[in-house]
Amino acid sequence: PDLRRGYIFLIDKEVAHCYSTDMVDVESEGEWSPWGGEDEVEQPLIAAEVQQPQANLSDSMEDTRETAALVGRRSRGRTAQYLTGFAATMGALAAGTVLGYSSPAGAQLTSNSTSGSLHLTSEENMWFSSSMNLGALVGGPVGGICLNILGRRGTMLASSVPFIGGWLLIAFARNFGMLMTGRIITGLCTGITSLIVPTYIGEYASADVRGTLGSGFQLMVTIGVMYSYLLGALVSTWRVLAGLCIIPPVIYCVLMFFAKESPSFLLSKGKEEQAAAALQFFRGKDGNIQTELDMMRQSLEDARRNKASIRILTKPYIFKPLMISLSLMFFQQFSGINPVLFNLTTIFHDSGSKISDNMSSIIIGLVQVAATFLATVLMDKAGRKLLLIVSSSVMALSIVALGEFFYEKMIDKTWAIDNLGWLPLTSLIIFVTAFSIGYGPIPWLMIGELFSPNVKEAAASFSTMFNWSASFVMTLTFVPLQSALKIHGVYWFYSSVCVVNLIFCVTLVPETKGKTLEEISAHFGAPPPSRNSNPLENEL
């Protein structure tokens, strides 16, 4: 704190971050982005020489400076990291097909023209759409157990088997029970994937590409949704579509078979040589891995010593961010996004739009992919809070417009279709765009920012379970709400939730862009960390 010019070093998990004390904007230091421009020339985080006002900082400061330079600089093994990231996020694409499948398949299963003996009622289709959320709810805890027993790579390989089996059950279903079982199994694998893939990428990726690789997960999910929409429009039956949805998990399994295990997991199991070999693979053959390996080892030892119990979540400086995280998850789901996406084909059919149902769904899917890609660019430029405010306000307006169309249609169907037939597709494009740039990725991103590493595992698991529970409730209640409030009333209800959401974002959500973990914790009243002890232990 007494340095007038120098560097502050913050150790967060396996990554060393170096911040210059006389820099105004430090958030992008050491972060490489394929869209950024001026920092294409490779430079270390630390300048050649830094003049210190105090001569007695001596060797310890020099050693720390060397450590941060080695770990914080650009990694030379980006190709291996990107290829492994692609392999891992094929699981996200497979999960996306599960999310998107019920829209085209549900319309075919409830249609009177459905071939074969299997036909779903409106109530059965409601359960068919929402049942994957039940599987995903269980998948989170199951994945948490498996990732420490089978490893990150091992869990991904193991989950691909029931993934394929679930789709086979759906493709060859002879009754509603087989359909439901297949949906729950694929939902279970979706829940496992949503936990294990981000964990794996976060552990092997170097600091300069971690943000880019991490954002690829949500992008691949939207591509998977688009995959289901597009093929659903091209194939004749829901059985063929289920068979085609087997392809992504098969590719996922094959690619992960050739991938390396997480160095952090290998170290945790005492496999030092294998951990070093894996880290060398990810950093390139010329990369100096010893410093990072030592830091990773120290981080694991600290995590074992300072592991927090569940009751620490009741501390005010942890309870407050936990409530914010749960609220973000609540508003994410109660904005109505999943009921809308799961029932897109039905919505367009009911609207009487002149554009075909399948084409409208494909357009929405393309918009979601493009908007999610845009979000990866804007996230560290506009800030989290601003994007959440824009997202919630635009969602409120667009879903009100959708409800207005159905209200006008109820009064005069012919006039509404002739004069406002363009409104459903336009409203949904705006709604999905607004969701994808804000409330789609940010609630998940802020889990990693609001909590310290010692409580992140418990808090993230709780938030994830809450999210899938809310998703199940929202999808299951879509049809009953339509009966009680009429279809326009349902959309106006979602809009009112978005308005409350907007007020919440403006008044209670903190901006975390560019802030260190210590600054965020201090915002919630956390005690300052002591040099030789853990603040959580002090509280306990």
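Tutor: A residue is called buried under 20% relative accessible area, exposed over 50%, and partly exposed in between, with a 1.4 Å probe and protein chains only. This is a predicted model, in which local features need pLDDT of at least 70, side-chain atom pairs count only at pLDDT 80 or more, and totals for chains, interfaces and linings use all residues. Residues are numbered from 1 along each chain as its sequence is written, and side-chain values use heavy atoms, leaving out hydrogens and water.

Start with Lys 486, which sits in helix 20, residues 453-507 (helices are DSSP runs of H or I with at least four residues, strands runs of E with at least two, numbered from the N terminus). Lys 486 is partly exposed, because its relative accessible area is 46%. The phi angle of Lys 486 is near 70 degrees, a positive value in a residue that is not glycine. Most residues other than glycine have a negative phi.

Next comes helix 16, residues 384-411, which gives the largest share of a nonpolar surface patch, 4 residues. The patch is formed by Val 400, Tyr 407, Met 410, Ile 411 and Trp 492, and together they have about 450 Å² of accessible area. Patch members have over 30% relative accessible area and no salt bridge; like charges are joined within 9 Å, and nonpolar side chains (Val, Leu, Ile, Met, Phe, Trp, Tyr) within 5 Å. A salt bridge is a side-chain nitrogen of Lys or Arg within 4 Å of a carboxyl oxygen of Asp or Glu. The areas come from the Shrake-Rupley method with a 1.4 Å probe, and for residues only the protein chains shown count as cover. Ile 411 lies in helix 16 and is exposed, since its relative accessible area is 54%.

Helix 18, residues 423-439, is another case. Of its 17 residues, 13 are buried, so helix 18 is largely enclosed by the rest of the structure. From first C-alpha to last, helix 18 reaches 23 Å, close to the 24 Å expected at 1.5 Å a residue (the expected span is 1.5 Å times one less than the number of residues). Thr 426 belongs to helix 18 and is partly exposed, at 32% relative accessible area.

Helix 5, residues 176-204, has 29 residues and reaches 42 Å between its end C-alpha atoms, close to the expected 42 Å. A kink of about 25 degrees is centred on Thr 193 in helix 5; the bend is the angle between axes fitted to the seven residues ending at a residue and the seven starting there.

Ala 278 is in helix 10, residues 272-283, and counts as buried because its relative accessibility is 3%. Its C-alpha lies 8.8 Å from that of Tyr 204, 74 residues away along the chain. Ile 149 is in helix 3, residues 122-149, and counts as exposed at 60% relative accessibility. The C-alpha atoms of Ile 149 and Phe 265 are separated by 9.8 Å.
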